[in-house]
Amino acid sequence: MTGSRRPRVFPKFTTDGGMNRDLRVAVIGTGHLGRIHAKLLRQVAGAELLAVCDPNAAACQRVADDHDARACTDVTQCIDDIDAAVIAAPTDCHAAIATELIEAGKHVLVEKPLAISASDANRLAMLATHRGVVMQVGHVERFNPAFTSLGDYGNDVKYVEATRASRFPGRCLDVGVVMDLMIHDIDLVLAFTDAPVRSIHASGLSVVSSHEDIAEVRLEFECGLVANLKASRISPTPARDMVVYSPAGFAQIDFGKPALATVAVSDSISQRDFRLEASTDDPLSFADDLFSEHLQCDVQELEPRNAILDELHDFVVSIQSGSDPVVHGAAGARAVTVAECILDEIARRDWYGSAASEECGAHAMVRQRITRRRAAA
């Protein structure tokens, strides 16, 4: 995988006056994720939840009271008193809120996706770099122990399959399933390579919302990596699975449990010296020998962790140490850029091989097929 992990240390935040104190943080947005961030920030060494901010005054006051924080209906009411902010507002508000905070010299953790458009996402990443502030993006699966335990199986990855599905959430409906769910797997695939995307083939359909609710994509990269991703937010059965193939073998990730099953390949297979016909005269009974000698299976028992809490720790450490967070602004912008290209491909998808615009894209009209019954003899 690209990048490396730092040791976790928690020095105190230092003011311009040289006084040591905790980092003063505001949470912007008191919806589902905002409430989680506000609760978990109380557990982060070196951080103090100073304020929560939401235009819904009643909801904001409730969260503030729960965590002994200041309630604000506008970020301007606390911006001079904070060092950093977690932005958990609706996606279409991310760009404006983050711009205001970064221009004021504040560090930001922006929930995924970084912005609703690639142009805004890239502008925010460049602005954070120019202003010298930390920008972290909330791609929380990067902290999932099933992903962080990949080791060599995450190096020089050549093929990825991922399925991410949920029941209808009833929230995050300002974006479709690509920006809501699939973007997690887009970010994880991009963590495997710095190579540019060579081609994208995608399709998706709106079923119950105004955006696509199901989607699939095939990504091909200049380095040879191929990724097939599927996402649905109208699935009766939840799924958060990924299979990764690399020279080390292949790994099956269950992000939900979490669990990691790996299969290590023998030297004869990795070096392409293995010949089935030379290894056995009875292929039907070869399965046991294959998995004992050439494809060694291992299932790792992983301790569940609170990935959002780990993400918040990483944010604070990055500010205190002056180093990049695991998911920095450029990585978040890259994920949005690829997601936007996927949405463009979905919009162009022709379902019936005609030029009719109503038969293209996620909102394609389903043709009424007429069948004639053969008259009874």
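This briefing walks through the sheets, helices and a few individual residues of the chain above.

The model is predicted, so to speak of local features a pLDDT of at least 70 is needed, side-chain atom pairs count only at pLDDT 80 or more, and totals for chains, interfaces and linings use all residues. Residues are numbered from 1 along each chain as its sequence is written, and side-chain values use heavy atoms, with hydrogens and water left out. The chain holds 11 helices and 16 strands; these are DSSP runs numbered from the N terminus, helices being H or I with at least four residues and strands being E with at least two.

**The chain as a whole**

- The C-alpha trace spans about 80 × 65 × 35 Å along its principal axes.
- Of the 377 residues, 48% count as buried, where buried means under 20% relative accessible area, exposed means over 50% and partly exposed is in between, with a 1.4 Å probe and protein chains only.
- Among contacts with a separation of 6 or more, 69% come from residues 24 or more positions apart; a contact means heavy atoms within 4.5 Å.
- About 18,800 Å² of the chain is accessible surface, and 50% of that belongs to carbon and sulfur atoms; the areas come from the Shrake-Rupley method with a 1.4 Å probe, and for residues only the protein chains shown count as cover.
- There are 37 positive and 53 negative side chains, and the centres of the two sets lie 5 Å apart. Lys and Arg count as positive and Asp and Glu as negative, while His and the chain ends are not counted; each charge is placed at NZ of Lys, CZ of Arg, CG of Asp or CD of Glu.

**The parallel sheet**

- An open sheet of 6 strands runs in the order S5-S4-S3-S6-S7-S8 with parallel pairing; two strands pair if DSSP finds at least two bridges between them.
- Its edge strands, S5 (70-72) and S8 (135-138), each pair on one side only.
- Neighbouring strands here are turned by 25° against each other on average, direction ignored. Axes are lines fitted to C-alpha atoms, for helices over the stretch in contact, and angles run from 0 to 180 degrees between N-to-C directions.
- Strands S6 (residues 84-87) and S7 (residues 107-111) pair in the parallel sense over 4 bridges. Alanine 84 stands opposite histidine 107 in S7, and isoleucine 87 has valine 110 of S7 as its bridge partner.
- Helix H1 (residues 32-41) packs on this sheet, touching S3 (23-28), S4 (47-53), S6 and S7, and its direction makes about 160° with that of S3.
- Both faces of S7 are covered, with His107, Leu109 and Glu111 buried on one side and Val108 and Val110 buried on the other.

**The mixed sheet**

- A further open sheet has 8 strands in the order S10-S11-S12-S9-S13-S14-S15-S16, with mixed pairing.
- S10 (197-205) and S16 (295-301) stand at the edges with a single partner strand each, so one side of each is left without a neighbour in the sheet.
- Its neighbouring strands are turned by 10° against each other on average, direction ignored.
- S14 (residues 249-254) and S15 (residues 259-265) pair in the antiparallel sense over 6 bridges, and phenylalanine 250 stands opposite valine 263 in S15.
- Helix H11 (residues 329-348) packs on the sheet, touching S10 and S11, at about 55° to S10.
- Helix H6 (residues 177-190) lies across S9 (159-165), S11 (214-221), S12 (226-232) and S13 (239-246), running at about 155° to S12.

**Residues to look up**

- Histidine 184 is in helix H6 and counts as buried because its relative accessibility is 9%. Beyond its neighbours within four places in sequence, histidine 184 is in contact with Lys112, His139, Val140, Glu141 and Arg164.
- Asparagine 155 is in the loop between H5 (145-148) and S9 and is partly exposed at 33% relative accessibility. Leaving aside neighbours within four places in sequence, asparagine 155 is in contact with Met1, Ser246 and Pro247.

**Backbone details**

- Most residues other than glycine have a negative phi, and most peptide bonds are trans.
- A cis peptide bond joins lysine 112 and proline 113, with omega about -10°; proline 113 is in the loop between S7 and H4 (118-131).
- The bond from lysine 257 to proline 258 is also cis, with omega near -10°, and proline 258 is in the loop between S14 and S15.
- Aspartate 68 has a positive phi near 55° and is exposed at 68% relative accessibility.
- Aspartate 156 has a positive phi of about 55° and is partly exposed at 46% relative accessibility.
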